[in-house]
Amino acid sequence: MGWSSLVLQYSAGLIALLGGDEPAGGVVIYHVCRYVMNQSKKSIDWSNLGFSYVETDLRFSARWRDGVWGDGELIPSADMAVHEGSPVLHYAQACFEGLKAQTAPNGDVLLFRPDLNCQRMGRTTERLLMPTVPESLFMRGIESVVRANAAWIPPHGSGASLYIRPFLIGVGENLGLRPAPEYEFRVFVSPVGPYYKGGGLSLINLAVIDLDRAAPKGLGAFKAGANYAGGLLATQMAQSLGAQEALYLDPSEHRFLEEAGSANIVLKMKDGSMVTPESESILPSVTRRSVMTLASDVLGLSVSERPVDFLAEVDDIDEFAACGTAAVISPVGKIRMADHWYHFHGDGEMIGPTTQKLYDLLTEIQRGEREDTFGWTRAV
């Protein structure tokens with residue numbers, strides 16, 4: 001049954017219940033969403049999902065015009081119509097976020113630290129001269145879309161999750177290099193499996209590519225769409241060398257670790273400490289922040305964020321891992337730089353015990369399998 005049919009069916013039912021009085025649109029939406037939340041799951045092979053787009057039933061859209069945000073609404077169409085002069089098309093005035101919804105053992109649907117995604121988008125909008133999406137609108141967009149697409153949320157234990165993509169683009173008639181006259185905030189969701197093939201916690205390889213992800217004092221620390229198109233070639237080059245992803249060094253000296261193409265870096269050093277690279281070009285990751293907190297507060301490790309000179313310190317690294325919303329935590333077995341492969345824990349053939357513990361701790365909290373003493377999860 002489509003969205004329009006649901007609205008008509010439940011409008012008629014509500015009118016009857018209310019004695020002939022037509023209910024407000026918001027009441028209809030609420031009850032339709034309640035209906036959808038109670039429907040059986042889609043017939044999907046959840047355990048074999050990859051990380052790719054799957055169109056779901058509804059998405060959320062809100063417009064900013066004349067300095068004011070509209071209320072926003074759930075819409076059925078995945079297509080967007082934008083003016084040919086829109087700054088998003090010519091000047092990349094766009095930003096986005098990524099987070100996941102997971103089903104807990106008791107059936108609750110949990111979000112993981114969505115407030116930090118909202119804050120990060122706020123930092124990016126300020127940098128790109130875009131209107132800030134209020135937290136109330138950001139959260140309402142996310143939660144309404146998750147509820148409306150409940151049939152697409154993978155069940156607990158499937159190894160899959162519901163990926164949530166909030167984004168903001170500059171639209172409207174324009175030609176010169178200036179901020180857009182209007183903006184659209186949209187949120188869509190898609191059921192996904194692991195980002196890297198292999199599922200769960202599996203080893204990946206990285207390759208240092210002689211391309212820069214971001215310029216010093218540029219957009220590297222912001223989740224702007226402009227950061228990512230330039231990384232496509234780097235990823236392709238890394239894959240041609242036998243790696244899954246590119247690894248970037250600092251753009252000034254090409255010595256210090258920054259991040260992988262789609263993930264931050266965390267390191268378990270041979271002295272027992274946890275280190276994450278520090279740079280003004282690194283995107284602040286919700287996952288990395290959480291991993292470092294778990295390493296400190298649960299595992300009792302000494303943690304630090306500091307510059308890491310890769311070649312000078314490579315022999316001091318025991319476990320190397322990439323982390324992010326999509327990747328969660330991915331242990332890195334080998335890294336290629338120039339013509340040499342550097343091997344990490346177990347000669348690059350084994351998942352390190354600290355990486356395994358951190359992965360287990362993080363995913364158990366995200367899935368509601370472990371008590372959330374940090375208050376990180378939020379039930380939808």
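Okay, let's start with a definition: buried means under 20% relative accessible area, exposed means over 50%, and partly exposed is anything in between, with a 1.4 Å probe and protein chains only. What we have here is a predicted model, where local features need pLDDT of at least 70 and side-chain atom pairs count only at pLDDT 80 or more, while totals for chains, interfaces and linings use all residues. Residues are numbered from 1 along each chain as its sequence is written, and side-chain values use heavy atoms, with hydrogens and water left out.

Let's talk salt bridges. That's a side-chain nitrogen of Lys or Arg within 4 Å of a carboxyl oxygen of Asp or Glu. How many salt bridges turn up in a search of the whole structure? The search finds 16.

Take Glu259 and Arg213, whose side chains meet in one of them, at 3.5 Å from N to O. This pair links distant parts of the chain, 46 residues apart: Glu259 is in strand E11 (257–260), and Arg213 is in the loop between strand E9 (204–208) and helix H6 (226–229). By the way, helices (H or I, at least four residues) and strands (E, at least two) are DSSP runs, numbered from the N terminus.

Next up, Arg288 and Glu305, with their closest N and O atoms 3.7 Å apart. Arg288 lies in helix H8 (286–297) and Glu305 in strand E14 (303–306), so the pair ties together parts 17 residues apart in sequence. Here Arg288 is buried at 10%, but Glu305 is partly exposed at 44%.

There's also a network: salt bridges that share partners join Arg63, Arg65, Glu182, Glu184 and Arg186. Within it, the closest N and O atoms of Glu182 and Arg63 are 3.1 Å apart. Glu182 sits in strand E8 (182–192) and Arg63 in strand E1 (59–65), 119 residues apart. Glu182 is partly exposed at 24%, and so is Arg63 at 23%.

Now, cysteines. A disulfide is a pair of cysteine sulfur atoms within 2.5 Å, and by this rule the count is zero. Cys95 is buried at 2%, and Cys323 is buried at 0%.

Last stop, the surface. Met80, Val82 and Leu89 form a nonpolar patch there, with about 230 Å² of accessible area together. Patches take residues with over 30% relative accessible area and no salt bridge, joining like charges within 9 Å and nonpolar side chains (Val, Leu, Ile, Met, Phe, Trp, Tyr) within 5 Å. The areas come from the Shrake-Rupley method with a 1.4 Å probe, and for residues only the protein chains shown count as cover. Leu89 is found in helix H3 (87–90) and is exposed, at 51%.
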